[in-house]
There are 2 protein chains.
Amino acid sequence: MHGSQLRVAYQGVPGAYSEAAAGKAYPNCEAIPCDQFEVAFQAVELWIADRAVLPVENSLGGSIHRNYDLLLRHRLHIVGEVQLPVHHCLLALPGVRKEYLTRVISHPQALSQCEHTLTKLGLNVTREAVDDTAGAAEYIANNNLRDTAAIASARAAELYGLQILADGIQDDSGNVTRFVMLARDPIIPRTDRPFKTSIVFAHDKGTSVLFKVLSAFAFRNISLTKIESRPHRNRPIRLVDDANVGTAKHFEYLFYVDFEASMAEVRAQNALAEVQEFTSFLRVLGSYPMDMTPWSPSRGDEHSL
Amino acid sequence: MHGSQLRVAYQGVPGAYSEAAAGKAYPNCEAIPCDQFEVAFQAVELWIADRAVLPVENSLGGSIHRNYDLLLRHRLHIVGEVQLPVHHCLLALPGVRKEYLTRVISHPQALSQCEHTLTKLGLNVTREAVDDTAGAAEYIANNNLRDTAAIASARAAELYGLQILADGIQDDSGNVTRFVMLARDPIIPRTDRPFKTSIVFAHDKGTSVLFKVLSAFAFRNISLTKIESRPHRNRPIRLVDDANVGTAKHFEYLFYVDFEASMAEVRAQNALAEVQEFTSFLRVLGSYPMDMTPWSPSRGDEHSL
């Protein structure tokens with residue numbers, strides 16, 4: 001869809017899974033590594049990048065609330081989504097054998113996603129947490145560590161000259177991470193292909209608000225693909241809604257809803273008008289083409305970028 | 001409520017946060033350490049323990065789907081809940097100063113919850129992931145490691161003879177973990193104090209089922225405290241529902257709902273009868289007294305067990 005000149009900011013170093021998500025969403029893009037998610041947001045806000053990639057949920061770990069908080073504190077728009085099967089490899093320097101290893105380093109999440117498999121492989125290693133998966137591979141290569149392996153992508157092996165000691169070492173083969181693509185401006189929603197719209201809303205009190213909101217969708221035959229309540233008792237965060245900028249508000253609950261309709265459709269516009277009537281805070285995070293790739297168990301083919 | 005003889009299984013070693021949750025729910029209970037969550041379930045099923053403690057959600061990390069999966073694969077009942085503020089300490093052997101440290105060890109989740117604070121403390125350390133927080137403290141004590149600190153509870157410091165180098169090092173002071181207590185038999189629901197009921201339901205297809213289910217609660221003025229959709233496309237898990245034992249079923253979505261009513265109330269019974277009409281899978285995980293402790297920022301007072 002987009003040309004090779006598109007600059008996409010992601011958290012991590014080359015070989016990171018977020019980079020793979022960027023490549024799936026925008027083939028031939030120029031992926032820009034950032035050391036934090038916040039920096040990726042800023043890169044887009046300051047026109048250093050055109051898009052940012054953000055992981056928002058994992059089928060085993062659930063929604064990443066801290067990344068939803070970032071969406072709410074910034075004004076970027078979701079313009080796309082990508083689902084990637086979680087597929088980890090065990091990487092080491094060429095010539096290193098499993099028996100030589102005394103430690104495995106990776107992102108804490110990746111370490112825990114491979115816990116049982118590492119044990120089954122008969123590895124007697126300490127597990128060390130570092131900031132990102134691909135960064136772990138880079139660290140081994142730069143320091144010529146022959147007693148250490150990294151859990152990272154096959155692409156990280158290629159980039160940093162490591163060999164793959166074991167492929168597909170995640171404990172659960174059906175685990176999938178969902179990423180969203182962010183831009184300064186919303187895309188023009190269309191109706192010629194399946195679109196999804198993500199909203200966040202809140203109300204101060206009242207038990208039937210959620211029911212009223214869902215009726216706005218149900219009576220228009222709009223399917224929901226995600227609904228989640230987020231208790232928010234103590235942390236009035238600086239929410240940016242569609243009307244006001246930067247008002248810090250306090251809500252007992254926030255709700256995240258994704259529905260299968262494009263904002264170009266009249267039924268979606270009408271539904272949202274109704275939702276706005278019932279809620280004290282509403283923000284459309286974005287209306288964007290659905291990732292229609294079937295959710296199949298990880299087979300590593302996502303690394304052929 | 002329960003006497004000193006109650007045996008409560010938890011994942012981890014003494015000083016673990018799950019042990020603190022057990023102590024909050026059942027003062028003077030005998031807490032039984034288990035090396036895995038699955039083992040804690042089995043301890044109750046085999047009458048080795050009377051209760052099990054399970055963390056199910058965290059206000060920053062979200063729902064722990066893999067622990068919900070355990071609930072669905074077993075037949076235990078939720079009989080209570082406890083909310084604990086996340087409060088971490090940096091522990092080392094007596095006499096060890098911050099400047100001596102070369103590494104910090106803890107559970108991956110705890111390491112990531114203290115990431116920024118560790119940096120702010122000016123520590124130049126590697127972070128190593130181990131199976132649990134209190135286990136990290138025990139490891140330092142047993143091996144007399146003077147270059148290593150653990151992230152764990154104040155109680156772990158006490159138990160393993162370590163000193164607290166820094167108190168309250170979690171990055172976010174409003175972060176709370178919710179635990180549920182499990183038993184072989186449900187408790188008799190009452191109406192003389194606030195109760196909460198947790199259910200899981202699924203349907204094969206049809207967009208308006210969720211709306212119908214919520215109407216069953218809304219029309220009876222029953223508030224929801226949690227609602228969450230769980231995509232489940234590829235993993236038909238062996239669900240245990242209220243009618244059948246161990247039928248493996250495949251659903252595109254599961255929904256988790258907690259509502260503020262006791263199953264002793266006629267309105268709750270009627271609501272569930274209606275929910276059963278609309279869904280193809282329904283299970284009541286439990287009806288139990290609500291934890292009414294106010295959600296205040298962590299101040300460490302939960303460690304005075």
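Guide: Buried area is the accessible area that two parts lose on being put together, summed over both. Keep that idea at hand as we look at this predicted model.

Visitor: Thank you! How is the size of an interface often given?

Guide: The general idea is that the accessible area lost when the parts come together is often used to give the size of an interface. Here, chain A and chain B bury about 4,100 Å² between them, and carbon and sulfur atoms give 53% of that area.

Visitor: How many residues of each chain are in contact with the other?

Guide: Chain A has 46 residues in contact with 46 residues of chain B.

Visitor: How many salt bridges are counted between chain A and chain B?

Guide: A salt bridge pairs a side-chain nitrogen of Lys or Arg with a carboxyl oxygen of Asp or Glu within 4 Å. Between chain A and chain B the count is 2. In one salt bridge, the side chain of B:Arg127 meets that of A:Asp131 at 2.7 Å, N to O.

Visitor: Which elements give two or more residues to the side of chain A that touches chain B?

Guide: Among them are the helices α3 (65–73), α4 (108–113) and α8 (209–218), and the strands β8 (126–129) and β13 (224–231), of chain A. The element that gives the most is β13(A), with 8 residues. By kind, this side of chain A divides into 18 nonpolar, 16 polar and 12 charged residues.

Visitor: In what sense do β8(A) and strand β8 of chain B pair?

Guide: They pair in the antiparallel sense, over 3 bridges. To find the place, look for A:Arg127, which stands opposite B:Ala129 in β8(B).

Visitor: What rotation superposes chain A on chain B?

Guide: A rotation of 180 degrees, with 0.0 Å of shift along its axis, and the RMSD is 0.0 Å. The two copies are therefore related as by a two-fold rotation axis. The same surface serves both copies, since 100% of the contact residues of chain A recur in chain B.

Visitor: Let me try a single residue. Where does B:His77 lie?

Guide: B:His77 lies in strand β5 (residues 77–85) of chain B. Its side chain reaches the backbone oxygen of B:Arg184 at 3.5 Å. Leaving aside neighbours within four places in sequence, B:His77 is in contact with residues including B:Met181, B:Leu182, B:Pro186 and B:Leu285.

Key
Residues numbered from 1 in each chain as written. Chains lettered and ligands numbered in written order. Predicted model: local features only at pLDDT ≥ 70, side-chain atom pairs only at ≥ 80, totals over all residues. Heavy atoms only, no water. Contact = heavy atoms within 4.5 Å. Buried area = accessible area lost by both parts, 1.4 Å probe. Helix = DSSP H or I, 4+ residues; strand = E, 2+ residues; numbered from the N terminus. Nonpolar A, V, L, I, M, F, W, Y, C, P; charged D, E, K, R; others polar. Pairing = 2+ DSSP bridges. Least-squares fit on C-alpha atoms with pLDDT ≥ 70 in both. Polar contact = N/O pair within 3.5 Å; in protein donor to acceptor, adjacent residues only side chain to side chain.
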